[in-house]
Amino acid sequence: MKKKLAVFVSGRGSNLLAVLNAGYLNGLAEILVVISDKKDCPAFKIAQDFNIRTISTGNLEGQISFNEVLQILKELEIDLVILAGFLKLIPPELISYFENRIINIHPALLPAFGGPGMYGMNVHKAVYNSSAKVSGPTVHFVDTSYDTGKIIAQSAVDISSVSSPEEIAALVLKAEHKLLPEVIFKLVQDKVKIINNRVEVLL
Ligand code: GRF
């Protein structure tokens, strides 16, 4: 049976699109709902193009609460929650209900360049200013703080000859679009295990 996915977004949605376009996931997983803290965002347009339900959560008029989101995720029997550019902290009730079933993609090699305020170009500027020679995406389990959950997978990108943070952003984004679907592929096949407090990805 296909695994049921929910994807949380806040903006552009290029990672959402990469997952939707990963043909090798077709028989194994399907995205049932896309959830945003924004009332509208480009990622919603992508979801709608694929006939996927969209939900907006927050305190604004027309938005529903995180509690209601949790109820919907339960009703849909969601197996895996993917944060793909979602900027809000996930409340503890959701984390505990979906223990080790919520993942996030971060555009740098954690545990460096993570934490509150480290999103978007802030990350790539910090990496650039540090003079680091490698960067790359990290996919990790989500806990109750920003970017501190256990690391599932990373891919290293050579940035030794870049001349701007924007160049790093473009190189890392390309690597994100490859890594995120690959990790989902492993998770939906139950090939991601926590052994001795470390995450192991089986072949
Ligand atoms: C990505 O760089 C991701 O790593 C970060 O937010 C960005 C989202 O981009 N968490 P997109 O909306 O998937 O295009």
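Predicted model: local features only at pLDDT ≥ 70, side-chain atom pairs only at ≥ 80, totals over all residues.
Visitor: What makes α5 roughly perpendicular to α6?

Guide: The axes of helix α5 (residues 121–130) and helix α6 (residues 165–188) cross at roughly 115°. Angles of 65 to 115 degrees count as roughly perpendicular, and α5 is therefore described as roughly perpendicular to α6. The two axes come within 8 Å, and the crossing is right-handed.

Visitor: Which residues make the contact of α5 with α6?

Guide: From α5 the contributors are Met-121, His-124, Lys-125, Val-127 and Tyr-128. From α6 they are Pro-165, Glu-166, Ile-168, Ala-169 and Val-172. By class, these residues comprise seven nonpolar, one polar and two charged.

Visitor: Why is the pair of Lys-3 and Asp-190 called a salt bridge?

Guide: The closest N and O atoms of Lys-3 and Asp-190 are 3.6 Å apart. The criterion asks for a side-chain nitrogen of Lys or Arg within 4 Å of a carboxyl oxygen of Asp or Glu, so the pair of Lys-3 and Asp-190 qualifies. The structure holds six salt bridges.

Visitor: What makes this pair a tie between separate parts of the chain?

Guide: Lys-3 belongs to strand β1 (residues 3–9), while Asp-190 sits in the loop between α6 and β10 (192–195).

Visitor: Why are Lys-3 and Asp-190 both called partly exposed?

Guide: Lys-3 has a relative accessibility of 22%, and Asp-190 has a relative accessible area of 45%. Buried means under 20% and exposed over 50%, with partly exposed in between. Lys-3 therefore counts as partly exposed, and so does Asp-190.

Visitor: How do you know that Glu-77 and Lys-4 meet in a salt bridge?

Guide: Their N to O distance is 3.4 Å, and the cut-off is within 4 Å.

Visitor: Are the two partners, Glu-77 and Lys-4, buried or exposed?

Guide: Glu-77 has a relative accessible area of 54%; the limit for exposed is over 50%, and Glu-77 is therefore exposed. Lys-4 has 19%; the limit for buried is under 20%, so Lys-4 is buried.

Visitor: What salt bridge does Lys-38 form with Asp-37, and how far apart are the closest N and O atoms?

Guide: The closest N and O atoms of Lys-38 and Asp-37 are 3.6 Å apart, against a cut-off of within 4 Å. Together with Lys-88, these two residues are linked in a network of salt bridges. At 9% relative accessibility Asp-37 is buried, whereas Lys-38, at 34%, is partly exposed.

Visitor: Why is His-106 called buried?

Guide: His-106, in strand β5 (residues 102–106), has a relative accessibility of 3%. Buried means under 20%, so His-106 counts as buried. Leaving aside neighbours within four places in sequence, its contacts include Phe-113, Met-118, Val-123, His-140 and Asp-147.

Visitor: What makes Ser-135 buried?

Guide: The relative accessibility of Ser-135 is 2%, and the limit is under 20%; Ser-135 therefore counts as buried. Ser-135 is placed in strand β6 (residues 134–135).

Technical notes
Residues numbered from 1 in each chain as written. Heavy atoms only, no water. Axes fitted to C-alpha atoms, helices over the stretch in contact; angles between N-to-C directions. Helix = DSSP H or I, 4+ residues; strand = E, 2+ residues; numbered from the N terminus. Parallel < 35°, antiparallel > 145°, perpendicular 65-115°, else oblique. Left-handed = near helix turned anticlockwise from the far one by under 90°. Contact = heavy atoms within 4.5 Å. Nonpolar A, V, L, I, M, F, W, Y, C, P; charged D, E, K, R; others polar. Buried < 20%, exposed > 50% of the residue type's maximum accessible area, 1.4 Å probe, protein only.
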